[in-house]
Structure formats: C-alpha cells, structure tokens
Amino acid sequence: MATQKDQDIAMMLAAQVHLGTKNCTYQMERYVFKRRTDGIYIINLEKTYEKLQMAARAIVAIENPQDVMVQSARPYGQRAVFKFAQYLNCKYSAGRHTPGTFTNQIQKVFEEPRLLLVTDPRTDHQPIKESSYMNIPTIAFCDTDSPLNHVDIAIPANNKGKHSIAVLYYLLARMVLQMRGVVTPSNPWEVMVDLFFYREPEETKDGEDAAEDFAGDAAYLPAPVGAADNWGEPAAEAPVASYGAGGFEAAEFAAPAPDAPLGYVAPDSFAAGF
C-alpha cells in the first residue's frame, strides 16, 4: 500500500510541479534532478517535499495564526491563497501589493506579520524587499529561474501553472493541520484539492447562468394535479364546462354589438352621386 508521501509525490507529478524552466540560477542548481533534451530543467520532488515539511514546521511555530501573511500577485495563486488562509486562519493578500504595507505605519493596511509566504519571488519582489527591512522570515515557492534574495526557505517547484500552485498550497495546508493535531489518521481532512484550483471568470459566469436557467425553468413547471402524498393514484381529470341539456350547439352566446364606425363618414349628398 502506498504511503502518504508516495501519494503526495504522485499528486505533484500529475500537477507538473516537477517541471521547471529553460533557465536555472546558480542558487537553484542544488534542487535540479536533470535537464531534458528540450532544455527544461526537472526539479527533484524529494527535496520539494522536504522543504514543504520544513515550511510547515515554521508556520506551526507561530503561536498566533494571524501573524502569518500569505501573498500572491499571480492570478493563478489568488484562489489558493484565499483557501489556504481560510483553513489555517491566517491573513492573506491577493493581487497587487501596496508599497509600504510592512514599513509605513501611517497606512490603514499596515501589517506586522511574523512570517511571510509568497507564491513567486519575482512577481512578489516588493513584499520580499519590505520583509527584509523589517526582519520578517520569508517562505517562497521558487522555480528554477527564481532569484533567492532575502528568501529564507525556498520551496523548489513550478510556480507558473495553476494546478501546480494549487497542489502546493493544498499540501502545505494539510501538513500544517497535521502538525497542529487537527488532522489525524482517525480524523482525515475531507477537503478536496479542487477547491484550490484557479477558476476562469468565464467558467464562474457560465456556472451561474446555468443555475439561473435551471431555476427559471423550474418556475414554469405546471403544478401537479391530484393527491400530492400518493404518487401512485391516477391524476384527476380536468373539469369540463357544462352547456346544458342541448350540448354545445344549444348553448347561446351573446355576440357583442358592433361598435360605431370610426373615422370620416361621407354625407348623404356625396353618397347619392354614386
């Protein structure tokens, strides 16, 4: 029977977490397994899993979960960041980072986290720079071409695919919950990884339109005739109007009198000439 680690690595393989880029920095060479013939670097998932466990230990060491900040400027990671913060009860920031969030105390959005987790060191360079000013430890998902300046724990992985980012946040969240004792073998985590996947706005809109169409069609369905409690009984016949003893032909219908003609009426002298 496959262990939990084998299942997690198989999930990462299915999500293409191991695929890097065609460029590799000298700091990321230690995490590379080999290079394919087309120039793509392959990341060693064994080291990725070890770094995920190290990051989970660092997050668990923070007593107050609200002191952990998760950020993602990439659109593919914004839904995963939201779900990660929802299940771990930490703070998150999706989209553009407001400069001065960690350094300018006058701002309304000023934060003082004890730990920072970002999706990509290149797109999230501003919060990483500010965290270095305020001595905030930083965890980052790093691709083979990512700069590791001011990054304390680098998790080697593909941070450009929407499935890859979702699986990484899902595994990290589950590891943290396991170390906290919330998730145990007797009490497994029932959350599916699909909730962390990025959804296109068109997909969300199509789903809402389909739900509205279904609700609208249901509103025009005819009401059932007969006993509602017993569906086995035959439906009652619709009432037929009675027209008396003579039947339909004998029924008298009073036709309405025609209205007076409207418009111009010719005088008698004009009509007599024809």
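Why does R36 count as partly exposed?

Analyst: R36 counts as partly exposed because its relative accessibility is 35% (under 20% is buried, over 50% exposed, and partly exposed is in between, using a 1.4 Å probe and protein chains only). Before going on, bear in mind that this is a predicted model, where local features need pLDDT of at least 70, side-chain atom pairs need 80 or more, and totals for chains, interfaces and linings use all residues. Numbering starts from 1 along each chain as its sequence is written, and side-chain values use heavy atoms, without hydrogens or water.

R36 has a partner: D38 forms a salt bridge with R36 (a side-chain nitrogen of Lys or Arg within 4 Å of a carboxyl oxygen of Asp or Glu). The closest N and O atoms of D38 and R36 are 2.8 Å apart. D38 also counts as partly exposed, because its relative accessibility is 39%. By that rule, the count comes to eight salt bridges.

Next up is the pair K91 and E111, whose closest N and O atoms are 2.9 Å apart in another salt bridge. This one links distant parts of the chain: K91 is in strand β4, E111 is in the loop between β4 and β5, and 20 residues separate them (strands are DSSP runs of E, at least two residues, and helices are runs of H or I, at least four, numbered from the N terminus). K91 is partly exposed because its relative accessible area is 28%, and E111 counts as partly exposed at 22%.

Now look at D143 and K160, which meet in a salt bridge at 3.2 Å, N to O. They also link distant parts of the chain, 17 residues apart: D143 sits in the loop between β6 and β7, while K160 sits in the loop between β7 and α5. D143 is buried, with a relative accessible area of 0%, but K160 counts as partly exposed at 33%. D145 joins in too, as D143, D145 and K160 are linked in a network of salt bridges.

E130 is buried yet has no salt bridge, and the nearest side chain of opposite charge, K129, is 8.8 Å away (Lys and Arg count as positive, Asp and Glu as negative; His and the chain ends are left out). Setting aside neighbours within four places in sequence, E130 is in contact with H97, T98, P99, G100, T101, F102 and T103 (contact means heavy atoms within 4.5 Å).

So much for the charges; here's what surrounds them. The protein chain has eight helices and seven strands, and buried residues make up 36% of its 274 residues. Its largest nonpolar core has 43 residues (buried Ala, Val, Leu, Ile, Met, Phe, Trp, Tyr and Cys joined through side-chain atoms within 4.5 Å). Helix α5 gives the largest share of this core, 12 residues. Among the residues with the most contacts inside the core are F84, Y169 and F196. Beyond four places in sequence, Y169 is in contact with F84 and F196, and also with others including V70, L117 and F141. Apart from this core lies another, of 13 residues, among them M69, L116, I136 and L148.
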